[in-house]
Amino acid sequence: TLTEAYNIARAFSPIVLAQPLIRMEEYRLLVFNGKCYFVYRRERPVIIGDGRTTLEMLFYEFSAHLKKKIPRDDPRLKLSLAQQKKTWTSVLTAGERVQLLSSANLSTGGRWQDATQACVPAFKNLAIQSTAALGLTLAGIDLFCADITDAAAPYFVIEVNSCPGFAYLEERSEITESFFANLERYYADSK
């Protein structure tokens, strides 16, 4: 319930921010020096069952590779599992998926999928304008969007991050290589 969620949040901070829940695909648009180089869709972290291993053991296997560990007692995990009617002792059927967190942050096990080519210019321009409006050279714009291929689709700019992380973009492509090459050149020239 909302009251339970509020009480959990209050245990961590005297200030609680409530905002509407938005159920749309999550995207990160990377802007550097007035150009949107890279767009990717962020996928929430999930555990996939094998028909014999408990959720707890699957969670520990999943967490082993994360740079930022998710504590087993994280209240967000507790809430997510309860909403899916699962416990740590549940054994998922083969192929069954359980979403761990509602956020798709790469640092907590989320995955990314390249959406640069699919993204219409209107959203890339929105990201460029958002970056410029804040006087930034580099930014990661978090966008919730119903359809990144449709300029008329409903969307919400969730955050303009002045220090977007790159450590999780391990899978390199021609697009990410271009972004990183330009970034390295810029900072090498500014020394």
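Glu-26, Arg-28, Arg-42, Arg-44 and Asp-142 are joined in a network of salt bridges, a salt bridge being a side-chain nitrogen of Lys or Arg within 4 Å of a carboxyl oxygen of Asp or Glu. Keep in mind that this is a predicted model, in which local features need pLDDT of at least 70 and side-chain atom pairs count only at pLDDT 80 or more, while totals for chains, interfaces and linings use all residues. Residues are numbered from 1 along each chain as its sequence is written, and side-chain values use heavy atoms, with hydrogens and water left out.

Arg-42 sits in strand β2; helices (H or I, at least four residues) and strands (E, at least two) are DSSP runs, numbered from the N terminus. Is Arg-42 buried or exposed? Arg-42 counts as buried because its relative accessibility is 7%. Here buried means under 20% relative accessible area, exposed means over 50%, and partly exposed lies in between (1.4 Å probe, protein chains only). Leaving out residues up to four places away in sequence, Arg-42 touches Glu-26, Arg-28, Ala-104, Asn-105, Arg-111 and Asp-142, where contact means heavy atoms within 4.5 Å.

Now look at another pair from the network. The side chains of Arg-44 and Glu-26 meet in a salt bridge of 3.4 Å, N to O. This pair links distant parts of the chain, with Arg-44 in the loop between β2 and β3 (46-48) and Glu-26 in strand β1, 18 residues apart. Arg-44 is partly exposed because its relative accessible area is 25%, whereas Glu-26, at 5% relative accessibility, counts as buried.

The side chains of Arg-41 and Glu-25 form a salt bridge of 3.4 Å, N to O. Arg-41 lies in strand β2 and Glu-25 in strand β1, 16 residues apart, so this pair also links distant parts of the chain. Glu-25 counts as partly exposed, at 34% relative accessibility. Arg-41 also forms a salt bridge with Glu-43, with the closest N and O atoms 2.9 Å apart. Glu-43 counts as partly exposed because its relative accessibility is 27%.

Next comes the nonpolar side of the picture. In soluble globular proteins, nonpolar side chains tend to be buried together. A nonpolar core is a set of buried Ala, Val, Leu, Ile, Met, Phe, Trp, Tyr and Cys residues joined through side-chain atoms within 4.5 Å. Which residues have the most contacts inside the largest nonpolar core? They are Tyr-27, Leu-29, Val-39, Phe-123, Leu-143, Cys-145 and Ile-148, in a core of 17 residues. The elements that give two or more residues to this core are β1 (25-32), β2 (35-43), α4 (121-133) and β6 (138-145). The largest share, four residues, comes from β6.

Apart from neighbours within four places in sequence, Val-39 is in contact with Tyr-27, Arg-28, Leu-29, Gln-113, Asp-114, Ala-115, Thr-116, Cys-119 and Lys-124. A second, separate core has 14 residues, including Ile-47, Leu-66, Ile-70 and Leu-100.

Two loop residues deserve a look as well. Asn-33, in the loop between β1 and β2, has a phi near 55°, a positive value in a residue other than glycine. Lys-85 is found in the loop between α3 and β4 (97-99), and Lys-85 has a positive phi of about 55° although it is not a glycine. Lys-85 is exposed because its relative accessible area is 75%.

Finally, step back to the whole chain. The protein chain has five helices and seven strands, and from the N terminus on its elements run α-β-β-β-α-α-β-β-α-β-β-α. The C-alpha atoms fill a box of roughly 55 × 35 × 35 Å, taken along the principal axes. Of the 191 residues, 37% count as buried. Among contacts between residues at least 6 apart in sequence, 68% join residues at least 24 apart.
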